[in-house]
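Here is a short briefing on core packing and helix contacts. Keep the sequence and the model side by side while reading.

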Amino acid sequence: MSGIVSFVDQFSHALRTHAPRYEVELSAPVIERLSAYYEQVNAWNARLHLVAPCSPAEFATRHVLESMLALPFLTMNARVADVGSGAGLPIIPCLIARADLSATLIEASAKKSVFLREALHTAGLRERTRVINERFEKLLAPDAEFITCRALERFTEMFPKLLAWSQPASTLLFFAGPTLRQEIEKAALNYQAIHIPESEQRFLFIIKKRLKVSS
């Protein structure tokens with residue numbers, strides 16, 4: 001148990017240390033709930049391979065704080081559809097930080113969907129979330145203003161399908177690299193690219209579905 005506590009302490013320390021670089025403000029209760037979420041991911045990871053093995057500090061920055069870069073772009077009381085939720089990133093850290101958000105988590109893996117339901121229950125988030133165990137393209141898009149996606153398999157290849165699937169007025173918040181930027185440009189979409197701290201070529205792309213207006 002002491003080893004687990006030590007890992008959680010390292011994680012919470014990393015959150016406090018690195019949050020300013022990500023322009024994230026974290027209260028003590030939010031850090032406590034994020035730490036419980038991290039501990040739960042650790043407990044399930046050996047069986048489900050939710051995330052690649054990493055140190056507590058790397059999980060805090062590469063996964064949790066990176067996910068929370070989406071927060072400034074989510075309007076008050078936003079409804080979010082998180083596609084390919086996996087370990088619950090980016091949506092679970094965002095839900096923990098913001099009590100006004102609600103979300104539909106879409107995950108193709110049955111086992112990962114079980115994890116998501118347990119993680120949401122532990123974090124006290126079940127009342128404003130639902131988990132759908134299915135591939136997104138087999139569903140009607142939820143009534144959501146925002147679509148988030150961070151670790152979808154074959155992300156660049158699936159981008160046109162996500163674009164066609166999502167609601168016409170939705171904003172897409174996608175975490176990816178330069179190859180996705182090429183697809184966004186090819187589709188002639190309005191977008192903003194936020195460079196992710198402590199990474200070389202990873203960005204949060206904020207994509208508007210309406211076409212760019214030609215000058």
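At 9% relative accessibility, S12 counts as buried, since buried means under 20% relative accessible area, exposed over 50% and partly exposed in between (1.4 Å probe, protein chains only). S12 sits in helix α1. Leaving out residues up to four places away in sequence, S12 touches I31 and S35; contact means heavy atoms within 4.5 Å.

**Basis**
- The model is predicted: local features need pLDDT of at least 70, side-chain atom pairs count only at pLDDT 80 or more, and totals for chains, interfaces and linings use all residues.
- Residues are numbered from 1 along each chain as its sequence is written, and side-chain values use heavy atoms, with hydrogens and water left out.
- Helices (H or I, at least four residues) and strands (E, at least two) are DSSP runs, numbered from the N terminus.

**Nonpolar cores**
- The largest nonpolar core has 52 residues. Such a core is a set of buried Ala, Val, Leu, Ile, Met, Phe, Trp, Tyr and Cys residues joined through side-chain atoms within 4.5 Å.
- At least two residues of this core come from each of α1 (2–18), α2 (28–48), α3 (56–67), α4 (91–97), β2 (102–107), α5 (110–122), β5 (171–176) and β7 (203–211).
- α2 gives the most to this core, with eight residues.
- L15, L26, L34, Y37, I92 and F115 have the most contacts inside the largest core.
- L34 touches F11, L15, L26, V64, M68, P93 and I96, not counting residues up to four places away in sequence.

**α2 against α5**
- α2 and α5 pack at about 165°, with axes 11 Å apart. Axes are lines fitted to C-alpha atoms, for helices over the stretch in contact, and angles run from 0 to 180 degrees between N-to-C directions.
- The two helices, α2 and α5, are therefore roughly antiparallel (under 35 degrees is roughly parallel, over 145 roughly antiparallel, 65 to 115 roughly perpendicular, the rest oblique).
- Y37, Q40, V41, W44 and L48 of α2 meet K111, K112, V114, F115, E118, A119 and T122 of α5.
- By class, this contact of α2 with α5 has seven nonpolar, two polar and three charged residues. Ala, Val, Leu, Ile, Met, Phe, Trp, Tyr, Cys and Pro count as nonpolar, Asp, Glu, Lys and Arg as charged, and the others, Gly among them, as polar.

**α2 against α3**
- The axes of α2 and α3 come within 12 Å and cross at roughly 110°. That makes α2 roughly perpendicular to α3.
- L34, Y37, Y38 and V41 in α2 meet P56, F59 and V64 in α3.
- The contact of α2 with α3 has seven nonpolar, no polar and no charged residues.
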